[in-house]
Amino acid sequence: MNVAKSGYHVFCANSTPACTELSKKITERLGVELGKSVVYQESNRETRVEIKESVRGQTIFIIQTIPRDVNTAIMELLIMAYALKTSCAKNIIGVIPYFPYSKQCKMRKRGSIVCKLLASMLAKAGLTHIITMDLHQKEIQGFFTFPVDNLRASPFLLQYIQEEIPDYRNAIIVAKSPSAAKRAQSYAERLRLGLAVMHGEAQCSESDMADGRHSPPCVRNTIGHPGLELPCKQQAPFPGIELPIMMAKEKPPITVVGDVGGRIAIIVDDIIDDVEDFVATAEILKERGAYKIYVMATHGLLSADAPRLIEESAIDEVVVTNTVPHEVQKLQCPKIKTVDVSMILAEAIRRIHNGESMAYLFRNITVDD
């Protein structure tokens, strides 16, 4: 049966008004009604999902935005996918604009790669395809056994800069750490602007965190053959051999590589959650002579006291997309602005349903973007 002829439905995996807003915008652009389903929490906090219409032989799109209660949102998505699978849906495609646990995509000391676990759970629940946006690391796509379309929000944020920031030609794109330099360089090249990079002891890169290569822990006393003791970090692995000692990192004092004096500073990143780093960066840029400071990010998680910290900081405006609901934070801080990305999500759904190429949505996008 041809996918285009079999029909499709769009469901929302969350029942809260803030989370259904994006789903309604997408369905309005597609000219379809939101699928009939009920998602709620039992009195014992168990999640229950009921599909209220036939989905047999249909292509189903599940839209799930991630609120603050991320684990409940994941269970809602898994249970809805499994309910659709057991109801004989032909294809089940998850539309997850912000993919949760994406920061936990590397091995840490005695930790785990939670993002890979979540990818396996989604496949087991019945998902056959995922549409997401600006994964924290593009390599996350390799955790999945089915196709992943990693859309980009940068065209919408670039358009906002050009249309809403007066005198943006006098701006400079800022990476708040060396790890964000590639993203900042992409923005700078497209806007024909200069680039500045923050570097120094105030920054903490993810690559500096301990990985799993220090395991297993040191064992001094073992029971068994005396020649089978596990090596300890205080002793050489073999008699007479001394391994070179890795020198500890020592970051230089905070510096700004690039001239921001008399310029508009635009800090770009993929996620803005705890805002302390952004606030500290804004203070340094102000000291270096930047007269206006913007923060542009795809996913505005804005946890804890983020709205208050932004309101009291030197940041003039924080611009995020609506991949994550943040209406409450906007009420607390008028500096937070939202860019709607429902257009590209709706177009991705339409193209997948009609069996059309997705290349148009990735035009002029390079590997480093």
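Against which elements do the buried residues of α6 pack? They pack against α5 (154-164), β8, β9 and β11. The buried set of α6 comprises A181, A184, S186, Y187, A188 and L191. Buried denotes under 20% relative accessible area, exposed over 50%, and partly exposed the range in between (1.4 Å probe, protein chains only). Just after α6, R192 adopts a positive phi of about 60°.

The model is predicted: local features need pLDDT of at least 70, side-chain atom pairs count only at pLDDT 80 or more, and totals for chains, interfaces and linings use all residues. Residues are numbered from 1 along each chain as its sequence is written, and side-chain values use heavy atoms, with hydrogens and water left out.

The protein holds 10 helices and 14 strands. These elements are DSSP runs numbered from the N terminus: helices are H or I with at least four residues, strands E with at least two. Of the 369 residues, 47% are buried. The protein exposes about 19,100 Å², of which carbon and sulfur atoms supply 54%. Accessible areas come from the Shrake-Rupley method with a 1.4 Å probe; for residues, only the protein chains shown count as cover. Among contacts between residues at least 6 apart in sequence, 68% join residues at least 24 apart. Contact means heavy atoms within 4.5 Å.

Seven strands form an open sheet with mixed pairing, in the order β10-β9-β8-β11-β12-β13-β14. Neighbouring strands are turned by 25° against each other on average, direction ignored. Pairing requires at least two DSSP bridges between two strands. Strands β8 (residues 171-175) and β11 (residues 264-272) pair in the parallel sense over four bridges. Within this pair, A171 stands opposite I264 of β11. Helix α6 (residues 181-191) packs on the sheet and touches β8, β9 (194-199) and β11. The direction of α6 makes about 165° with that of β8. Helix α7 (residues 276-287) also packs on the sheet, touching β8, β9, β10, β11 and β12 (292-300). The direction of α7 makes about 170° with that of β11. For such values, axes are lines fitted to C-alpha atoms, for helices over the stretch in contact, and angles run from 0 to 180 degrees between N-to-C directions.

A further open sheet has five strands in the order β1-β4-β5-β6-β7, with parallel pairing. β1 and β7 are the edge strands, each pairing on one side only. The twist averages 15° from one strand to the next. Five bridges join the parallel strands β1 and β4, and C12 has I63 of β4 as its bridge partner. Helix α3 packs on this sheet, touching β1, β4 and β5, with its direction at about 170° to that of β4. Helix α10 (residues 342-354) lies across β1, β4, β5, β6 and β7 and runs at about 160° to β6.

Helix α3 (residues 70-86) has 17 residues and reaches 25 Å from its first C-alpha to its last. This is close to the 24 Å expected at 1.5 Å a residue, the expected span being 1.5 Å times one less than the number of residues. Its buried residues are T72, A73, I74, E76, L77, L78, M80, A81, A83 and L84. Their cover includes β1 (8-12), β2 (37-41), β3 (47-51), β4 (59-63), β5 (91-96) and α4 (114-125). α3 and α4 pack at an angle of about 25°, with their axes 8 Å apart. α3 is therefore roughly parallel to α4; angles under 35 degrees count as roughly parallel, over 145 as roughly antiparallel, 65 to 115 as roughly perpendicular and the rest as oblique. The contact is made by I74, L77, L78, A81, Y82 and K85 of α3 and by L118, M121, L122, K124 and A125 of α4. Just after α3, C88 takes a positive phi of about 70°.

Strands β6 (residues 129-133) and β7 pair in the parallel sense over four bridges. The bridge partner of I130 in β7 is V148. From β7 (residues 148-151), V148 and N150 point one way and D149 and L151 the other, and all are buried. N150 has 4% relative accessibility and therefore counts as buried. The C-alpha atoms of N150 and M133 are separated by 5.1 Å, although these residues lie 17 apart along the chain. Not counting residues up to four places away in sequence, N150 touches T132, M133, D134, L135, K138, Q141 and F362.
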